Amino acid sequence: MIRLAQPLDYAQLKPLWSRVFGDSAQAVDAHFALRHRDEDMLVWAEDERICGMLTMLPLTIMQNDAAYPARYIYAVATAPERRGRGIAGELLERAGELILARGEAAAVLVPASKSLFDYYEKRGYRTAFALNVVDADAGALPPCSDAGTLSPCASADYTRIRDRAFAQAGLYARWDERAVDYALGILGEGGGAARLTLGGGEGVAAWSREDDCVLVRELALLGIDVPAALALLHRAVGAPSYRVRLPAGAQPNAEATPFGMIRWFIPEPAPMDAPGYLSLALD
């Protein structure tokens with residue numbers, strides 16, 4: 001039976017989350033404390049046992065200056081011993097029915113592997129968000145300008161700057177301040193977020209550390225170019241190398257890497273020629 005989550009389910013949902021995704025108990029507790037709402041989670045229950053779950057986080061899709069309420073499909077999980085029975089597919093369909101009934105326009109998700117793009121395509125999703133992923137060695141970065149600054153950034157400022165930076169993206173997955181605050185709070189040891197200023201321009205960056213490399217999960221820039229922003233970040237972080245996620249098309253001749261998918265539950269607005277932008281997606 002598929003139903004909405006209830007507080008009594010948490011004792012089963014939290015271990016299932018850790019078991020399937022490998023997250024620590026502390027990380028799962030943080031999600032349930034800060035982002036979870038029962039009306040945003042579907043569970044598959046067999047008698048009193050929870051065998052599957054799916055989370056639907058609220059976000060807004062911006063296209064052609066119009067705002068569409070939508071959901072980010074996240075933490076789709078089936079207990080290993082119950083896999084192969086179509087539980088995830090049925091949870092996805094029930095989520096779509098609920099999204100439509102609530103008057104929301106679309107669902108967005110980030111497949112966890114390349115093979116899952118085909119899985120979700122068969123269920124009505126299409127690839128709509130892409131990134132340029134660029135590697136940069138510290139030694140190849142330009143000298144850092146003494147006039148530039150990198151400072152702590154409140155989630156309200158981060159949200160304001162990223163919304164301005166990506167306003168022309170065509171199809172833009174917009175998170176509200178609460179969602180941004182949570183995403184920036186789980187970047188892990190060695191990660192962080194900051195506001196950048198240089199020569200009248202400003203921007204924000206969010207990053208996490210992966211061994212000796214820093215993954216720059218987002219650069220949202222207004223009047224600052226990417227090399228100058230990375231030089232500012234490097235001055236503060238000092239990593240040997242950086243892997244940077246940028247909107248598709250931001251780097252000439254860089255290959256666009258598929259990142260996210262969308263399924264519309266209303267007549268689809270006229271599709272944009274350029275790939276959409278989705279980041280801070282808890283992928």
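A salt bridge is taken here as a side-chain nitrogen of Lys or Arg within 4 Å of a carboxyl oxygen of Asp or Glu. The structure is a predicted model, in which local features need pLDDT of at least 70 and side-chain atom pairs count only at pLDDT 80 or more, while totals for chains, interfaces and linings use all residues. Residues are numbered from 1 along each chain as its sequence is written, and side-chain values use heavy atoms, with hydrogens and water left out.

By the salt-bridge rule, the count comes to 20. One of these joins Asp 40 to Arg 37, with the closest N and O atoms 2.8 Å apart. Burial is judged by relative accessible area (buried under 20%, exposed over 50%, partly exposed in between; 1.4 Å probe, protein chains only). Asp 40 is buried, at 2%, whereas Arg 37 is partly exposed, at 34%. Both residues belong to a network of salt bridges that also takes in Glu 39, Arg 71 and Glu 104.

Other salt bridges reach across the chain. Helices (H or I, at least four residues) and strands (E, at least two) are DSSP runs numbered from the N terminus. Glu 46 and Arg 82 meet through their side chains at 3.0 Å, N to O. This pair links distant parts of the chain, with Glu 46 in strand E2 (residues 41–46) and Arg 82, 36 residues apart from it, in the loop between strand E4 (66–78) and helix H3 (87–101). A salt bridge also connects Glu 93 and Arg 263, at 3.1 Å from N to O. Here the partners are 170 residues apart, Glu 93 lying in helix H3 and Arg 263 in strand E13. Glu 93 is partly exposed at 34% relative accessibility, and Arg 263 is buried at 17%.

The expected span of a helix is 1.5 Å times one less than its number of residues. For the 15 residues of H3 this gives 21 Å, in agreement with the 21 Å between its end C-alpha atoms. Its buried residues are Ile 87, Ala 88, Gly 89, Leu 91, Leu 92, Ala 95, Gly 96, Leu 98 and Ile 99. An α-helix has 3.6 residues a turn, so residues three or four places apart point the same way. With contact meaning heavy atoms within 4.5 Å, the cover over the buried residues of H3 includes strands E1 (2–4), E2, E3 (49–63), E4 and E5 (106–109), together with helix H4 (115–121). Just after H3, Gly 103 adopts a positive phi of about 80°.

Strand pairing comes next, where two strands pair if DSSP finds at least two bridges between them. E3 is mostly covered, eleven of its 15 residues being buried. It runs antiparallel to E2, to which it is joined by six bridges, and Ala 45 has Ile 50 of E3 as its bridge partner. The E2–E3 hairpin has two residues between its strands, and Asp 47 in the turn has a positive phi of about 60°. E3 also pairs with E4 in the antiparallel sense over eleven bridges, with Met 56 partnered by Ile 73 of E4. Two residues separate the strands of this hairpin too, and Asn 64 takes a positive phi near 50°. A further antiparallel pairing, over four bridges, links E3 to strand E8 (residues 171–174), where Tyr 172 is the bridge partner of Met 62.

Strand E6 (residues 126–137) is joined to E13 (residues 256–264) by six bridges, the two running antiparallel; Arg 126 has Ile 262 as its partner there. Seven bridges tie E6 to strand E12 (residues 241–247), again antiparallel, and Asp 137 stands opposite Ser 241.

A nonpolar core is a set of buried Ala, Val, Leu, Ile, Met, Phe, Trp, Tyr and Cys residues joined through side-chain atoms within 4.5 Å. The largest has 54 residues, of which Ile 61, Tyr 72, Phe 129 and Leu 278 touch the most other members. E4 supplies its largest share, six residues. A second, separate core of 24 residues includes Ala 136, Ala 138, Val 214 and Leu 233.

Finally, aromatic rings of Phe, Tyr and Trp (its six-membered ring) pair if their centres lie within 6.5 Å, with planes under 30 degrees apart counted as stacked, over 60 as edge-to-face and the rest as tilted. The whole structure holds eleven such pairs. Among them, Trp 17 and Phe 21 are edge-to-face, at 5.9 Å centre to centre and 70° between the planes. The two are separated by about one helical turn because they are four residues apart in helix H1 (residues 10–21).
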